[in-house]
Amino acid sequence: MAIKQLLKRTSGWLYLNSPVGRNQLQGAGVILMLHRVLASDHAAELPHRNELCVGPKAFEHLLVWLKKHFDCVSLMDILQPGTVRSDRPKITLTFDDGWRDNALNAFPLLQKYQVPASIFLSTDFIGSRQRFWWESIGETLWGSHGERARMQLIDCLRQVGRPLPVAFDELDVERRSLALLHFLHSLKTLSPADLNRLTDECPDESLPQALDWQQVRMLEGSGLVRFGPHGASHAILTGLDDQRLHEELSRSRDALHNGCNRPLPVYCYPNGDNDARVREHVADHDYPFALGTGTGIYRGTDDPLNLPRFGVSQRVARNPQLLSWRLFRGART
Ligand SMILES: [Zn+2]
């Protein structure tokens, strides 16, 4: 292990176990952000998946570590704490987008360790075969759906003026995955129409990528999981005019109210993007709280409409001490 990483892990551990660290975290809450839990750790390890994907072994390792150092509570226990006091810092898990693997791979482990979680749904995807562009384009370019599909998509990328870098195929696995990650990031500036067109070029998979409403109700019925909105179409809210912003917010809110018994009063911005106008609209749609992607510890004094979270990658889940290092840094800012 690199010295730098070892130092981070050690100081992170010291922080959680020192009086200073415990004092700083007392009464505070930590909100974690995850996306997918894949069926294999090996698959989650590659750079282009690492950010959004965690493998089952790493996820289980993370849960065991969290239970050792934190009170694992529901999101509302952090946002609207009751009177029960505890010396230990509180932590809660949130999942973005509404991936089907949350039910298949994450939930059995949440249940095993009795750790509550919140899942934020991009509601147009739930119960539909509509696919997330990032996943479809990324995996098709990776070759997960065969060479023919890959070549066809590469052609299409050329047509929208975003050719795949020439040297891509000559790289070794690790570097190719890293190059793919950068390339996918660069596609974020494409118009939604172009992204849809590219996604349509990708082959259909046998299963939809997102949860369906039956799974949502099953998870909710367990009492361990609650749901909130993460946009309807996952459009970046800051880029929408007032009319479309209103449509996104009300469509996602209505879908949650129809599909769940007890939807959360918390909005979760797609990509975390928000500004004063978006926050005002979210408040007008009866959401007193909203989650961003800025990093920080929740102390009850933050803007409730732009709450900070800590992202969890496969690397962090495998080495949760890295998380305590980030908490330590977050506590100082
Ligand atoms: Zn998202």
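**Exercise 1. Work out what share of the chain's contacts with a separation of 6 or more comes from residues 24 or more positions apart.**

Start with the cut-off: two residues are in contact if their C-beta atoms, placed from the backbone, lie within 7 Å. Then take the contacts with a separation of 6 or more; residues 24 or more positions apart account for 69% of them.

Before going on, note that this is a predicted model, where local features need pLDDT of at least 70, side-chain atom pairs count only at pLDDT 80 or more, and totals for chains, interfaces and linings use all residues. Numbering runs from 1 along each chain as its sequence is written.

**Exercise 2. Find the largest nonpolar core and follow Ala290 through its contacts.**

A core here is a set of buried Ala, Val, Leu, Ile, Met, Phe, Trp, Tyr and Cys residues joined through C-beta atoms within 7 Å; buried means 20 or more other C-beta atoms within 10 Å of a residue's own, with C-beta atoms placed from the backbone. The largest one has 69 residues, and Ala290 is among those with the most contacts inside it. Skip neighbours within four places in sequence, and Ala290's partners include Val266, Cys268, Val282 and Leu305. Apart from this core lies another, of nine residues, including Trp133 and Leu180.

Note on methods: A residue is buried if 20 or more other C-beta atoms lie within 10 Å of its own, exposed if 12 or fewer, and partly exposed in between; C-beta atoms are placed from the backbone.
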